[in-house]
Every structure is written in structure tokens, then in C-alpha cells.
Amino acid sequence: ELETLAGELGIRPQVHFLGFRSDVVELLKTIDVFALSSQWEGLPVTILEAMAMGKPVVCTDVGGVSEVVVPDQTGLLVPPRSPETLARAIIHLLTNPVVARNIGRCGRERVETHFSVQVMVKKIEGLYLDNVNFGKISAV
């Protein structure tokens, strides 16, 4: 349906439907801005991947997205179902490369600080230890 719609809108040559890919890192290297226009999300790994590569992100403010993206610091958040606002945010980053680079750098730092494998393992380990310790305290 989306491919047909792209044809009807006359934008088919500019739109690529990639399907499943195992070369995400290579694809991310080629982009200037990462956009996620979901209407609902948990904690989207795609945003973490883009931010880890220093890409500026524009995302709809749904689900766990705001746990990752700090507005105007590590990315831009827009309301869901607002394609005009999403487009304006993307254009803002594309036409302001200094802002885009700064957001990309801050995003990478945020992922390294809060969402790296090492950090996440420590957080999960802490949850287990807290539950074990709580269990010992309550048993006393």
C-alpha cells in the first residue's frame, strides 16, 4: 500500500522500501538525520542505534521515546500524527548542520552514559541485588 501511495504522490524515486536488513550500521552511516514517526513504541532500539552513531534524531513523543531523547539536546520530539511538525523538525536539522552535529554528539554521549551494554547490565544487576537484599531484610 505504501509503495502504491508513493507512486501516486509522485515520490517513488525518492522513497526506498528496504525491508529486513542486516547491514543497519552501514545504512546509518549514509544518513544525515534519523526520523521515527511511530504512533506507539516501547523503548525503540532504532533510536539508540542512530544516536550511538552520532546521528541527530527526530522522533514522535510516544511510549519510551522520551526516556531516550532529551528534547532539543539529544534529539527533537514532535507530537504523533503531526507530519507537518515532523517535516519541519527534519528540515531544521538538515538546514542547520551545526545544530544537527551538536545534537548528534550529545545523543551519542547519552547512549554511552545511560544505555551502553555495560550500563544496562549494571542496572539489571542492581535490580536483582535490590530484590535479593529486600528479601533478606523482610525475612529477618
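Mentor: Let us begin with Ser38, which in this predicted model lies in the loop between β1 and α3.

Trainee: Why is Ser38 called buried?

Mentor: Its relative accessible area is 15%. Buried means under 20%, so Ser38 is called buried with its 15%.

Trainee: What makes the pair Ser38 and Glu41 a polar contact?

Mentor: Their side chains are joined at 2.5 Å, and the limit for such a pair of N or O atoms is 3.5 Å. The value is within the limit, so the term applies. Leaving aside neighbours within four places in sequence, Ser38 is also in contact with Thr60, Val62 and Pro80.

Trainee: Why is Asn102 called partly exposed?

Mentor: Asn102, in helix α6 (residues 97–115), has a relative accessibility of 37%. Partly exposed covers values between the 20% limit for buried and the 50% limit for exposed, so Asn102 counts as partly exposed.

Trainee: What makes Glu3 and Arg12 a salt bridge?

Mentor: Their closest N and O atoms are 4.0 Å apart, and the definition asks for a side-chain nitrogen of Lys or Arg within 4 Å of a carboxyl oxygen of Asp or Glu. The pair is therefore listed as a salt bridge. Side chains of opposite charge can pair when their charged atoms come close.

Trainee: How many salt bridges does a search of the whole structure find?

Mentor: The search finds four. One of them joins Asp23 and Arg21 at 2.9 Å, N to O. Another joins Arg105 and Glu109 at 3.3 Å.

Trainee: Why are Arg105 and Glu109 separated by about one helical turn?

Mentor: The reason is that they are four residues apart in helix α6. Arg105 is partly exposed at 35% relative accessibility, and Glu109 is partly exposed at 38%.

Trainee: Which residues touch the most other members of the largest nonpolar core?

Mentor: They are Ile47, Val57 and Val69, in a core of 15 residues. Helix α3 (45–52) gives the most to this core, with four residues. Apart from this core lies another, of nine residues, including Val33 and Leu76.

Technical notes
Residues numbered from 1 in each chain as written. Predicted model: local features only at pLDDT ≥ 70, side-chain atom pairs only at ≥ 80, totals over all residues. Heavy atoms only, no water. Helix = DSSP H or I, 4+ residues; strand = E, 2+ residues; numbered from the N terminus. Buried < 20%, exposed > 50% of the residue type's maximum accessible area, 1.4 Å probe, protein only. Core = buried A, V, L, I, M, F, W, Y, C linked by side-chain atoms within 4.5 Å. Polar contact = N/O pair within 3.5 Å; in protein donor to acceptor, adjacent residues only side chain to side chain. Contact = heavy atoms within 4.5 Å.
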